[in-house]
Amino acid sequence: MAPAAALVLGYLLGSIPFGVVLTQMAGAGDLRTIGSGNIGATNVLRTGRKGLAAATLLLDAFKGFAAVWIAERYLGGAGVIAAAAAFLGHCYPVWLGFKGGKGVATLLGIVLALHWPIGLVYAVVWIALLAIFRISSLAGMLAAISAPLSAASFSRFDLVLLLLALALIVVWKHRANIERLVGGVEPRVGSKHG
């Protein structure tokens, strides 16, 4: 029963669309009709509400962390199952017709809960690249790719396949961004378009 409970718990927590909820509560409109239409913090930033964007990022990370933490402690150590389910819930939430976010912030919370040093590397890569290039998609994808690599470097081989799979989903969800990056037209943080 514990694995099934972890699956349900992870998916339900992960599928909470905090970006949509917060922007609607704040009277900023339907996030899905703004900018890129994505439900993550970068698109929330395009509403001009930095506080809402920060809250979205933190809550999206927290739901991933919470799913793993609860499953590890109360559901027989089923953190890996909850991690995968929370990530899929965020990317493919039933409440939004399976059209969710790209998973970068939620993956941060997941790796912090699974093995905090991996999460630390992830955060440093994400923040450093965002500061240098000011391109959210590039920073997010490379942070995600760092997760399985750092898991291997910390000898957490039990997490490598999971984190590799989640990183590949992050990259897949960014395929339109990749096309814009190749074309040199990917917007930088602070842009109101894309």
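This report describes helix packing and pockets in a predicted model.

## Packing of H1 against H5

Helix H1 spans residues 2–14 and helix H5 spans residues 79–91; their axes come within 7 Å and cross at roughly 30°. That angle makes H1 roughly parallel to H5, since angles under 35 degrees count as roughly parallel. The crossing of H1 past H5 is right-handed.

On the H1 side, the contact is formed by Pro 3, Ala 6, Leu 7, Gly 10, Tyr 11 and Gly 14. Their counterparts in H5 are Ile 81, Ala 82, Ala 85, Ala 86, Leu 88, Gly 89 and His 90. By class, the contact of H1 with H5 holds nine nonpolar and four polar residues, with no charged residues.

## Packing of H7 against H8

The axes of H7 and H8 lie 8 Å apart, and the two helices pack at an angle of about 155°. H7 is therefore roughly antiparallel to H8, given that angles over 145 degrees fall in that class. H7 passes H8 in a right-handed crossing.

H7 contributes Ile 118, Val 121, Tyr 122, Val 125, Trp 126, Leu 129, Leu 130 and Phe 133 to this contact. From H8 come Ser 136, Leu 138, Ala 139, Gly 140, Leu 142, Ala 143, Ala 144, Ser 146, Ala 147, Ser 150 and Ala 151. The contact of H7 with H8 comprises 15 nonpolar residues, four polar residues and no charged residues.

## Packing of H8 against H9

The axes of H8 and H9 cross at roughly 165° and come within 8 Å. This angle makes H8 roughly antiparallel to H9. The crossing of H8 past H9 is left-handed.

In H8, the residues in contact are Gly 140, Met 141, Ala 144, Ile 145, Ala 147, Pro 148, Ala 151 and Ala 152. H9 presents Phe 157, Leu 159, Val 160, Leu 163, Leu 164, Ala 167, Val 170 and Val 171. The contact of H8 with H9 has 15 nonpolar residues, one polar residue and no charged residues. Gly 140, Ala 144, Ala 147 and Ala 151 of H8 are found in the contact with H7 and also in the contact with H9.

## The largest pocket

The largest pocket contains about 660 Å³ of space. It is lined by 35 residues, of which Ala 41, Thr 42, Leu 57, Trp 126 and Ser 136 are the closest to its centre. Trp 126 and Ser 136 also take part in the contact between H7 and H8.

At least two lining residues come from each of helix H3 (41–45), helix H4 (50–74), helix H6 (104–114), helix H7 (116–133), helix H8 (136–153) and helix H10 (175–183). The lining divides into 15 nonpolar, 14 polar and six charged residues.

## The second largest pocket

About 190 Å³ of space lies in the second largest pocket. Its lining consists of Asn 38, Tyr 92, Phe 98, Lys 99, Gly 100, Trp 172, Lys 173, Arg 175 and Ala 176. Helix H9 (157–173) and H10 are the elements that give two or more residues to this lining.

By class, the lining of the second largest pocket has four nonpolar, two polar and three charged residues. Helix H10 supplies residues to the lining of the largest pocket as well as to that of the second largest pocket.

Notes
Residues numbered from 1 in each chain as written. Predicted model: local features only at pLDDT ≥ 70, side-chain atom pairs only at ≥ 80, totals over all residues. Heavy atoms only, no water. Axes fitted to C-alpha atoms, helices over the stretch in contact; angles between N-to-C directions. Helix = DSSP H or I, 4+ residues; strand = E, 2+ residues; numbered from the N terminus. Parallel < 35°, antiparallel > 145°, perpendicular 65-115°, else oblique. Left-handed = near helix turned anticlockwise from the far one by under 90°. Contact = heavy atoms within 4.5 Å. Nonpolar A, V, L, I, M, F, W, Y, C, P; charged D, E, K, R; others polar. 1 Å grid on protein atoms, 1.4 Å probe; cavity = no way out; pocket = protein on both sides within 12 Å on 5 of 7 lines; lining within 4 Å. Points joined across faces, edges and corners; volume = space filled by probe spheres on them.
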